Each structure stands twice: as structure tokens, then as C-alpha cells.
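Subject: Structure for your review

Hello,

Below is the structure I said I would pass on. My notes on it follow.

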Amino acid sequence: MIHDSYKTISKPSEGLYKDKGSKFLAFAIPIRSEEQVKEKISQLKKKYYDARHHCYAYKIGLGEDRFRINDDGEPSGTAGKPIYGQILANNLSDILIVVVRYFGGVLLGTSGLINAYRKAAADCIQKATIIETIVRKELTINFSYDLMSPVMRIVKEEELEVMEQDFRESCNLKLNIRLADFEKIRQKYDKIYGVTQVN
């Protein structure tokens, strides 16, 4: 069974943690790309330009390879890692969490910092609306008009989402299929002589 779903957040949320005068403002933001990450961090740095640190962690997609952590001048491993730990603990992806720190004049020490960044990240996740995202893949097929009936039977049986259809000279159908079902559907169309798969 292909694992094709993960949890993310539906809209941005904010959290807060305070310790010994230091304020940790946490922002959880839904994202889809590294470009969005840069844009959101840049916006927060402009808005909170007077803050000492803008630490963050993000994770994109299903795999374990598209993530990044950043301590932004805090001692190594005290900020980005605990923020990312909260993303993993809640099984989230397509998410960026930025924690903006205003220094309160008292050093918190390594364990104090780890705790503060973890709690700030946990707070904004707790206030977020978590939703499940299903990974989907497109399949475009081409066929002659006389094959309409068997082609559409599969669409109906499998409850497939038709994104585009063009039934002029030859017939084209663009389908949006859940990743776990993709190979099964592709093979079904493979068995109908005269149906060609464009992608």
C-alpha cells in the first residue's frame, strides 16, 4: 500500500511563549515550495525587524528529504531543531514555523532555549486547524469516440475526478487520481485496446 496522505494546516496560526522577559512569537504558515518559505520569512523579518532572532523550520511534501532548520544566531541546535521536532511530533508537512525572539536581557541557557522554542512552536500548532492532504497525480488518456463507454465506465466505477475533457476529433480526458490508486487505474486503461496514455 502506497502511503499518499499527510497532515498539514489549513491557514496560518500564531503562538506565544514568554520566559524571563524574552518573548517568543511563533507563526505556523502553510507552504508548498521553498520560494514561499523565503517570501514568508522575508515578510516576518520586515515586520519584526527589531527582534533579535528569526528562527525557523519547514517540511514540504511526503518524503523526509525536503526540510530545513535554521537557528539564526542562536546556539546550534537550540532553535531550529526543537521547532522541527514539533513538526515531526504532529506528523505535519507543507508547513513553515518561524519563531521570532525578543531578548529580555536574561540568558536562558541551552535547555531554556530548547524549551522556549519547542513550547512556542507547540503553541502555534495547537491553535492551528489541521487537515489531511491526499497526494494526487494526473493521467491524460486519448481514445476514439467508439471507446467512450468502457472509458467512462472506469471513471464511474472508480469515482475519478475529471479535470478536463475534449470530445471533438479524438477524445481526450484528463483525470486527477489518488496516488495510491494511480497504477491500478493506469493498468485498467492499458487493457482497453485503442486507449493511449499521454503521460
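R66 is partly exposed, with a relative accessible area of 34%; buried here means under 20% relative accessible area, exposed over 50%, and partly exposed in between (1.4 Å probe, protein chains only). This is a predicted model, in which local features need pLDDT of at least 70 and side-chain atom pairs count only at pLDDT 80 or more, while totals for chains, interfaces and linings use all residues. Residues are numbered from 1 along each chain as its sequence is written, and side-chain values use heavy atoms, with hydrogens and water left out.

Salt bridges

R66 pairs with E34 in a salt bridge, with 3.2 Å between the closest N and O atoms. The criterion is a side-chain nitrogen of Lys or Arg within 4 Å of a carboxyl oxygen of Asp or Glu. This pair links distant parts of the chain, 32 residues apart: R66 is in the loop between β4 and β5 (67-70), and E34 is in helix α1 (residues 34-47). Helices (H or I, at least four residues) and strands (E, at least two) are DSSP runs, numbered from the N terminus. E34 is partly exposed, at 27% relative accessibility.

A search of the whole structure gives 11 salt bridges. Among them is R101 with E74, at 2.9 Å from N to O. R101 belongs to strand β6 (residues 95-102) and E74 to the loop between β5 and α2 (80-89), so this bridge ties together parts that are 27 residues apart in sequence. Both R101 and E74 are buried.

D166 and R168 also form a salt bridge, at 3.0 Å from N to O. D166 is partly exposed at 25% relative accessibility, whereas R168 is exposed at 66%.

Helix α1

The 14 residues of α1 should span 20 Å at 1.5 Å a residue, and its end C-alpha atoms are 20 Å apart, which agrees. The expected span is 1.5 Å times one less than the number of residues in the helix. V37, I41 and L44 are buried in α1. Viewed down the helix axis, the buried residues of α1 fall within an arc of 65°, so they line one face; the arc is that of the directions from the helix axis to the C-beta atoms. An α-helix has 3.6 residues a turn, so residues three or four places apart point the same way. The other side of α1 carries E35, K38, K46 and K47, which are exposed. The cover over the buried residues of α1 includes β3 (22-30), β4 and β6.

H54

H54 sits in strand β4 (residues 53-59) and counts as buried, at 7% relative accessibility. Its side chain reaches the backbone oxygen of Y48 at 2.9 Å. That is a polar contact (a pair of N or O atoms within 3.5 Å; within protein, one must be able to donate a hydrogen and the other to accept it, and residues adjacent in sequence count only if both atoms are side-chain atoms). Neighbours within four places in sequence aside, H54 is in contact (heavy atoms within 4.5 Å) with L44, K45, Y48, D72, V99 and V100.

Cysteines

How many disulfides are there? The count is zero, a disulfide being a pair of cysteine sulfur atoms within 2.5 Å. For C124, the closest cysteine sulfur is in C55, 13 Å away, which is too far for a bond. C124 is buried, with a relative accessible area of 0%, and C171 is buried with a relative accessible area of 0%.

Regards
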